[in-house]
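Hi,

Here is the structure I said I'd pass on.

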Amino acid sequence: MDYLLINGEIFTMDNEKPVVQALAIKNDRIIATGTTEEIKNFKNAHTKVIDLDGRTVIPGLNDSHLHFYSTGLYLDLVDLMGSTSIHEVKEQVRRYINERNIKPGTWIRGRGWNQEHFTDEKRFITRQDLDDITTDHPLLLYRTCGHVLIANSKAIEMAELEKRSLEGHYDLHHGIFKEQAIESLLKAIPDPTFDDIKKTIQRAARHANRYGITSVQADDLMHLPSQDYRKILKAYETLQDEGQLTCRIYQQAQLPNITLLKDFLNEGYTTGVGNEYFKIGPLKLLGDGSLGARTAALRKPYHDDPKTKGILNYTDEELRELIETAHTNHMQLAIHGIGDRTIDQILNIYEDVLKRYPRNDHRHGIVHAQIMDEELMNRMKKLNVLAYVQPIFINYDHLIVESRVGPLVKTSYAYKTMKELGIHMSFGTDSPVEKIYPLDNIYSAVTRKGLDGTPLNGWMSEEAVTVYDAVYAYTVESAYAEFMEHEKGKLKPNYFADLIILDQNIFNIDPEKIRETEVLLTMVGGQVVYKE
């Protein structure tokens, strides 16, 4: 026996034995759960015993949608999250350049600014603002959503954009690029070395483990400047072969066009290829943009900008070809859809493809599923379409949703309603759009508040879920989204020994204190990967 955990309050997320005192681990699996006295019988000369002293244990958390490689990369970029003015953004970037003594001509990237948080001017940063910081370094700053990128003159000059065909929305004079137009800038940046790609993934894994995350569903394939997905795949597969992954990866394979998808399938990749540490998941597509940038596609014009309905990234014909090709090649689908117009488009095509090529356990899904109405939610349930949601978005979005979408606010971010309808709903953070911190995410789902504790009574508090339901969405439901509900997401015999020890019982404390909870230990496959 490798480990015994005794004298604790272990929440198994299993209805047959919801709470136990102890469990036993051999190799990478749990082999028994029960009372402390029962589990002590498994001890031998080589067993390590962890006395929990009444502390809480829950299954390892599984972030059902994030950008893992970018999360690791973001830890080394200019962190602009929380910036409260354009002046502050400028100072942060200048400090970053000076402290690191970055040579002229070196590309600099940052992420996290949000014009709604600025106290000087509530506007997008511009090319002119970035030129005020530096004209010696090519500089790119992402808005927090990742759907808007600002470039300075040096970056635009080095990218030679005037000679390229720009897709999507852009404003060259102000250096503002949205959606597909962003790709034209990024192609000018050299790819990191293979070793640097591996190190970035490992950095992301250590960071995730620190906060109790043992599995992630990662959208990574298009996140190198060259968008060469084979380099990312090779890095993951090498780390897997070397036994260097401390987090289980289910790759949400973003392949935005039919040529890339067919190449991927022809190389033998589809959902389920891999092992318990790195596995191919669904085809991931970006159906629209973000609410904050007003690029999420709505059926009606934006209330606060009637000139736009947002951006649909695909025509019906383009999206149908991608969905049908993936579906008929036994590939799961997870499509980014924030606006109701996009969600409607996705559901229409899902319904048509499933009618022509029936598959009962397809587990296709919609990532974000934010701006909804009752009809769309009912259709999701009828088609058994999964919802990958991010309650932490409430932190910012509660300030803008009503102004953006008007009456639709009443049926948006409707987590309790979706759960009551029986929609399979898993939790994630979309990191680095938001911090990877799961306890902040659970806090937002339970209190319906921003991280500053407002509004006092919660935003649309009728859509709050219980702490148990939030943890369930982060464990059991996330495992279901991977077809892995019989191997992880619960603490019971024959399941992976993926678990975390917390310093307080989040199930019975004041919800306002959930964010104060610390992860004391994280275990993946029976191995301690983080210890405070």
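Below is what I found, starting with the ground rules.

This is a predicted model, so local features need pLDDT of at least 70 and side-chain atom pairs count only at pLDDT 80 or more, while totals for chains, interfaces and linings use all residues. Residues are numbered from 1 along each chain as its sequence is written, and side-chain values use heavy atoms, with hydrogens and water left out.

**Buried parts**

Helix H16 covers residues 438-447 (helices are DSSP runs of H or I, at least four residues; strands are runs of E, at least two; both are numbered from the N terminus). Of its 10 residues, 10 are buried (buried is under 20% relative accessible area, exposed over 50%, partly exposed in between, with a 1.4 Å probe and protein chains only). Among them are Pro-438, Ile-442, Tyr-443 and Thr-447. The cover includes strands S8 (61-66), S15 (213-218) and S21 (425-427), plus helices H13 (394-397) and H17 (467-474). Just after H16, Arg-448 has a positive phi of about 60 degrees.

Lys-284 sits in strand S17 (residues 278-286) and counts as buried because its relative accessibility is 0%. Leaving out residues up to four places away in sequence, Lys-284 has contacts (heavy atoms within 4.5 Å) with several residues, including His-65, Asp-219, Gln-252 and His-336.

**Salt bridges**

The count comes to 38 salt bridges (a side-chain nitrogen of Lys or Arg within 4 Å of a carboxyl oxygen of Asp or Glu). A few to look at:

- Glu-518 pairs with Arg-210, with the closest N and O atoms 3.3 Å apart. Glu-518 is in the loop between strands S22 (499-502) and S23 (519-524) and Arg-210 is in helix H7 (residues 194-210), so the pair ties together parts that are 308 residues apart in sequence. Glu-518 is partly exposed at 29%, and Arg-210 is partly exposed at 23%.
- Asp-305 and Lys-307 form a salt bridge at 3.0 Å, N to O. Asp-305 is buried, at 18% relative accessible area, whereas Lys-307 is exposed, at 76%.

**One more residue**

Which helix holds Glu-317? Glu-317 is in H10 (residues 316-328), and counts as exposed because its relative accessibility is 57%.

Cheers
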